[in-house]
Amino acid sequence: LGSSLDTSLIIHSPTAKFIVIWQFVLSLFCFEHSSIKTPWPGANFTMDPHGHVIPVTSFTVAQARSAFSLWAVLASPLMIGGDVRSMEQQFVDVWLNPHLIAVSQDELGLQGTRVRGGVNDCQVWRRQLVAGALLFVALNNGRGQCLGGSDPGSQGWEGPNPLAYTDQDCPNVGCLVGDLATCQASCWEQAGCNALNVGDGGCCMRACASDKVGNPTGTVKDNVSYRLRDAVRQANITVTWSELGLSPNATMLARDLHTGNDLGAHTGTITVGVLATDSAAVRLVPK
């Protein structure tokens, strides 16, 4: 079994007593943890990326999809804690994705590593699979330079809307004092933020699910709301064969593990479009 029986525990709870939101995932995968930078030597030696509590009020499906994809890279055992009878179907679909589970449990048992990026960049993770196959995960962490290259100022924003975002629909990820431009720039750098409630002298940043960001429903005295256009938050991430450890002339067949769709044959590079806080998980096999 190797040296460790540590388990990645995904606890799905709508009433968790402590809130672990997208920033927890970023703190684990974006920063320089040596246990993630350097893989354990040998098959089935796994590391422990900690328990993962997911209150559904503060985690979007895209963020859940990214977290599960990154967990699959690390090769740790998987468990789900919670009442599976009450889980929303959209989250069930993430946790029971057969394509990601298959690569997570790949019999080669090697831990993957990050080969590109950090706190403020798009990230690429690589894991070797059996029979010369590879898994790569491209993460748009919603920060800094991994935002499609657009200006973080007023360009890309829609508003003002006279209605405001509610805590139920769009969790609050921080408030600050400042003018509109300051608020927009701060949201751009805040992981998960895609909307603002703006009042006299300041704002509160919001992390809305995709089906909520376009439809604020609340009323807050003297507040209006703004939202980012989704297209602006997309990063087109080109992954090269050299960073994956492949020959530049190798032709690989690609499959999107989130959807199960075949992406065709690629030689040298592959480009994936990824919205903020979402990811692409792609399995490559030699043609």
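**Disulfides in a predicted model**

Cys 183 and Cys 203 form a disulfide, with 2.2 Å between their sulfur atoms. A disulfide is counted here when two cysteine sulfur atoms lie within 2.5 Å, and this rule gives four disulfides. A disulfide is a covalent bond between the sulfur atoms of two cysteines. The model is predicted, so local features need pLDDT of at least 70 and side-chain atom pairs pLDDT 80 or more, while totals for chains, interfaces and linings use all residues. Residues are numbered from 1 along each chain as its sequence is written, and side-chain values use heavy atoms, without hydrogens and water.

**Cys 183 and Cys 203**
- The link is left-handed, with -110° about the S-S bond.
- Cys 183 lies in helix α6 (residues 180–189) and Cys 203 in strand β10, so the link ties together parts 20 residues apart in sequence.
- Helices (H or I, at least four residues) and strands (E, at least two) are DSSP runs, numbered from the N terminus.
- Cys 183 and Cys 203 are both buried, meaning under 20% relative accessible area; exposed is over 50% and partly exposed is in between (1.4 Å probe, protein chains only).

**Cys 175 and Cys 204**
- The sulfur atoms of this disulfide are 2.0 Å apart, and the link is right-handed at 100° about the S-S bond.
- Cys 175 is in strand β8 and Cys 204 in strand β10, so the pair joins parts 29 residues apart in sequence.
- Cys 175 counts as partly exposed because its relative accessibility is 48%.

**Cys 170 and Cys 208**
- This disulfide has its sulfur atoms 2.1 Å apart, and 115° about the S-S bond makes the link right-handed.
- Cys 170 and Cys 208 are buried.
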